[in-house]
Amino acid sequence: MTNTEVERVREVVQRYIDATYKADIPALKSCFHKDARMTGYLGDMLLVGTPDPFFEDMGSAPSMESKGDPYKAEIRALSVTGRIADAVVYETGFRGDGVLEDHFHLICDNGVWIIISKNFTTI
């Protein structure tokens with residue numbers, strides 16, 4: 001693991017955070033592999049599938065930025081091993097008062113770091 005690779009992974013995760021806050025759907029989509037999976041819990045409801053419903057949901061309402069939501073996201077862990085990586089992000093103020101923890105898995109595909117899966121839960 002090199003500091004350069006860690007920073008490249010951090011940049012992808014930060015781009016995801018910024019795009020989520022701004023509801024920038026093209027930027028958000030650019031963070032994910034075309035075959036990415038997204039799995040997790042919204043309350044008691046289990047969601048399993050692609051990120052497409054998330055993209056649609058984020059694009060269907062005003063951005064958290066425009067509404068002045070108190071959104072904060074902290075990268076709490078990040079590791080890189082060869083061409084795979086994982087990151088843990090803790091989000092507060094999601095759409096006002098939501099709290100989530102996200103676990104991302106990334107791969108380096110042709111020299112580009114990209115999210116291959118996201119597991120999440122509301123807290």
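Colleague: Which helix gives the most to the lining of the largest pocket?

Modeller: That is α3, with four residues. Lining residues have an atom within 4 Å of a pocket point. Before going on: this is a predicted model, where local features need pLDDT of at least 70, side-chain atom pairs count only at pLDDT 80 or more, and totals for chains, interfaces and linings use all residues. Residues are numbered from 1 along each chain as its sequence is written, and side-chain values use heavy atoms, with hydrogens and water left out.

Colleague: What volume does the largest pocket have?

Modeller: About 360 Å³. A pocket here is an open set of points on a 1 Å grid over the protein atoms alone, where a 1.4 Å probe fits, with protein on both sides within 12 Å along at least five of seven lines. The volume is the space filled by probe spheres set on the points, which are joined across faces, edges and corners.

Colleague: Switching to the core. Which residues touch the most other members?

Modeller: Y16 and L106, in a largest nonpolar core of 33 residues. α1 gives the most to this core, with seven residues. Such a core is a set of buried Ala, Val, Leu, Ile, Met, Phe, Trp, Tyr and Cys residues joined through side-chain atoms within 4.5 Å. Buried means under 20% relative accessible area with a 1.4 Å probe, protein chains only.

Colleague: What does L106 touch?

Modeller: Contacts (heavy atoms within 4.5 Å) include V9, V12 and V13, plus W113, I114, I115 and I116. Residues up to four places away in sequence are not counted.

Colleague: And α1, which residues are buried there?

Modeller: V6, V9, V12, V13, Y16, I17, A19 and T20. The helix covers residues 3-22 and reaches 28 Å from first C-alpha to last, close to the 28 Å expected at 1.5 Å a residue. That expected span is 1.5 Å times one less than the number of residues. Helices are DSSP runs of H or I, at least four residues; strands are E, at least two.

Colleague: How many bridges join β3 to β4?

Modeller: Nine, and the strands run antiparallel. Pairing needs at least two DSSP bridges. L78 has A87 as its bridge partner in β4. Nine bridges also join β4 to β5, again antiparallel.

Colleague: Where is phi positive in those hairpins?

Modeller: At G82, near 60°, in the β3 and β4 hairpin. In the hairpin of β4 and β5, R95 takes a positive phi near 50°.

Methods
Buried means under 20% relative accessible area, exposed over 50%, partly exposed in between (1.4 Å probe, protein chains only).
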